[in-house]
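Notebook open. Today I want to look at one helix and then go through the disulfides.

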Amino acid sequence: MNALKYLISLAITAGAAYLSNPANAQILSIDVYVDKLVLPEGFTESLEKCEPYHAERPLRRKDVAVNNLYTIDGMKDGMCELHITGITNSSVEIHQDCSLPADVAKTYAHVLQRFENKAYSQRWDKYYIEKDEDYQAAVKIMSDPKYCSFYREEIDNTQNIRRNLAACTPIQQKETASGLEFSREIIGLKGDSCVYKFTVQKTDKIDHILLKNIPPAESSYFSESMFLEYTCAFSEKKAEQYLHILESEVIPAEEDFDYAAVWHVVPLEELEFLRDNCSVDIVK
């Protein structure tokens with residue numbers, strides 16, 4: 001059971017882990033490897049001239065899928081419009097939107113290109129990255145509210161369950177995350193108890209439209225038969241405790257490039273609660 005929980009944790013957090021690294025979070029290139037920054041071909045050249053541009057970098061490592069989308073709209077009202085989106089299949093979606101004067105766009109392009117050319121390792125060169133003049137120049141531009149804003153979408157995959165749990169109204173809500181499908185279902189009242197089921201199973205499904213170009217997985221953390229099901233009979237008090245846990249899993253939207261909150265996306269406290277209060281059926 002502990003090994004299975006570890007695999008679930010590993011798969012879900014892998015897509016968000018690199019957001020805690022300053023270079024990836026601020027330059028906004030979500031990756032599936034702790035590796036050097038890689039920008040799409042032609043991006044900095046187009047940014048230097050503020051020419052219209054669009055490219056994607058869909059990546060996969062086992063069950064973890066990410067995509068980075070880079071769009072330059074061109075000059076509008078004397079400003080260069082730049083949009084970068086980073087998204088994972090663990091519910092993390094982050095946007096960087098910039099309106100840059102032509103000279104600032106050119107400078108931004110130059111410092112990003114020089115930084116990329118240095119091929120710093122995100123794993124081993126953090127000290128040098130933070131001291132690097134080009135990195136510092138890029139961060140200065142991005143962190144200036146006159147030019148750029150960052151936005152992480154809210155993460156909330158249990159809203160319907162929370163709304164119906166107190167009255168034990170039957171409803172089901174599903175989410176997919178890094179090769180897994182989570183299903184939460186309120187079955188209904190049985191005597192004084194609220195019957196509830198929580199299942200986790202292997203899936204290759206990816207729902208988000210921005211992840212449609214992700215390459216297929218060559219291997220997985222999970223077997224095709226992997227299946228975990230909790231069956232619960234909650235008292236009113238236990239249902240209230242579970243509701244509080246689900247509420248704690250909601251991660252509000254955030255405007256900034258501090259994305260430490262995404263680490264809370266893994267439902268380990270929920271799994272612990274279900275283990276202690278429900279019967280379980282496991283297939284590995």
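Predicted model: local features only at pLDDT ≥ 70, side-chain atom pairs only at ≥ 80, totals over all residues.

Next I checked burial along helix 8: A239, Y242, L243, I245, L246 and E249 are buried. Looking down the axis, I see these buried residues fall within an arc of 160 degrees, so they line one face of the helix. On the face turned away from that buried side I find the exposed residues E236 and K237. What covers the buried residues of helix 8 includes helix 7, strand 7, strand 8, strand 9 and helix 9.

On to the cysteines. I count four disulfides, and along the chain the bonded cysteines pair as 1-2, 3-4, 5-6, 7-8.

I looked up C50 and C80: they are joined, S to S 2.2 Å. The S-S torsion is about 105 degrees, so this disulfide is right-handed. C50 sits in the loop between helix 3 and strand 1 and C80 in strand 3, so the bond ties together parts 30 residues apart in sequence. Both C50 and C80 are buried.

C168 bonds to C194, S to S 2.1 Å. Their torsion is about 90 degrees, so I note right-handed again. Both C168 and C194 are buried.

Last, C232 and C278, with sulfurs 2.1 Å apart. C232 lies in strand 9 and C278 in strand 10, so the pair ties together parts 46 residues apart in sequence. C232 is buried at 2% relative accessibility, and C278 is buried at 12%.

Terms used
Residues numbered from 1 in each chain as written. Heavy atoms only, no water. Buried < 20%, exposed > 50% of the residue type's maximum accessible area, 1.4 Å probe, protein only. Helix = DSSP H or I, 4+ residues; strand = E, 2+ residues; numbered from the N terminus. Arc of directions from axis to C-beta. Contact = heavy atoms within 4.5 Å. Disulfide = S-S within 2.5 Å.
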